[in-house]
Amino acid sequence: MKKVAIFGSSRTDPESKLYSAVEKLGKRCAQSGWIVVTGGGPGTMEAANKGAASVDLTRSEAEAIYLPFEEAVNQYVYDYTKHDDFFTRLDTFSTCDAFIVTPGGIGTLLEMAMIYQLIQVNHIEQKPIICVGRMWRTLKTWLEDEMVENGFLSNKEMKFVHYVDRFSEASAILDHLSK
């Protein structure tokens with residue numbers, strides 16, 4: 001079965017529109033036959049796992065990490081692995097078939113950048129990275145203005161990442177891949 005990693009913030013409020021949108025995204029992914037993989041924490045990760053678990057609990061997995069302030073894996077995870085460090089955790093995420101990056105902080109940026117770079121240097125095959133929301137479009141503009149303009153990133157490499165505004169657009173890209 002194909003796996004999609006959904007990256008996002010542990011700080012997302014369960015009462016927020018973002019949480020609700022990611023929960024729906026997790027559900028749509030599971031309904032389309034994907035296993036949803038997150039970091040297993042609260043916030044966006046919980047929302048994605050919750051959505052997937054509402055379809056079928058076995059479609060909700062996690063690559064968790066030992067953190068002193070985040071001991072438990074969220075209740076919507078069926079199967080998980082606990083990693084001692086970020087390096088093995090990120091390596092395991094790289095085996096997923098697609099990646100959806102939701103708004104988040106440094107950890108989310110790290111996850112997206114790591115996958116992007118592994119594809120760029122052919123350490124993993126090209127797989128879709130889908131960044132959802134305005135904050136990632138801002139990053140895209142910066143990448144174009146600074147990295148592409150100065151020759152540190154090519155226009156071809158810019159196409160490794162899809163930048164979309166809505167979660168429904170991310171789902172549509174995944175649906176296209178499932179066919």
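This is a predicted model: local features need pLDDT of at least 70, side-chain atom pairs count only at pLDDT 80 or more; totals for chains, interfaces and linings use all residues.
The lining of the largest pocket is made up of 10 nonpolar, 7 polar and 4 charged residues.

The volume of the largest pocket is about 460 Å³. Its lining has 21 residues, and those closest to the centre are Ser10, Met45, Leu67, Gly107 and Thr108. Three elements, β1 (3-7), α3 (86-93) and α4 (106-120), each give two or more residues to this lining. The largest share comes from α4, with 5 residues.

I turn now to the second largest pocket, whose volume is about 180 Å³. Which helix gives the most to the lining of this second largest pocket? It is again α4, which contributes 6 residues. Both α4 and α5 (134-148) supply at least two residues here. Among the lining residues are Leu109, Met112, Tyr116, Trp142 and Leu153. The lining of the second largest pocket divides into 9 nonpolar and 2 polar residues, with no charged ones.

Thr58 sits in the loop that runs between α2 (44-55) and β3 (60-65). The side chain of Thr58 makes a polar contact of 2.8 Å with the side chain of Asp56. Thr58 and Tyr78 are 20 residues apart in sequence, while their C-alpha atoms are 5.5 Å apart in space.

Key: Residues are numbered from 1 along each chain as its sequence is written. Side-chain values use heavy atoms; hydrogens and water are left out. Helices (H or I, at least four residues) and strands (E, at least two) are DSSP runs, numbered from the N terminus. A polar contact is a pair of N or O atoms within 3.5 Å; within protein, one must be able to donate a hydrogen and the other to accept it, and residues adjacent in sequence count only if both atoms are side-chain atoms. On a 1 Å grid over the protein atoms alone, a cavity is a set of points where a 1.4 Å probe fits but cannot get out, and a pocket is an open set with protein on both sides within 12 Å along at least five of seven lines; lining residues have an atom within 4 Å of a point. Grid points are joined across faces, edges and corners, and a volume is the space filled by probe spheres set on the points. Ala, Val, Leu, Ile, Met, Phe, Trp, Tyr, Cys and Pro count as nonpolar, Asp, Glu, Lys and Arg as charged, and the others, Gly among them, as polar.
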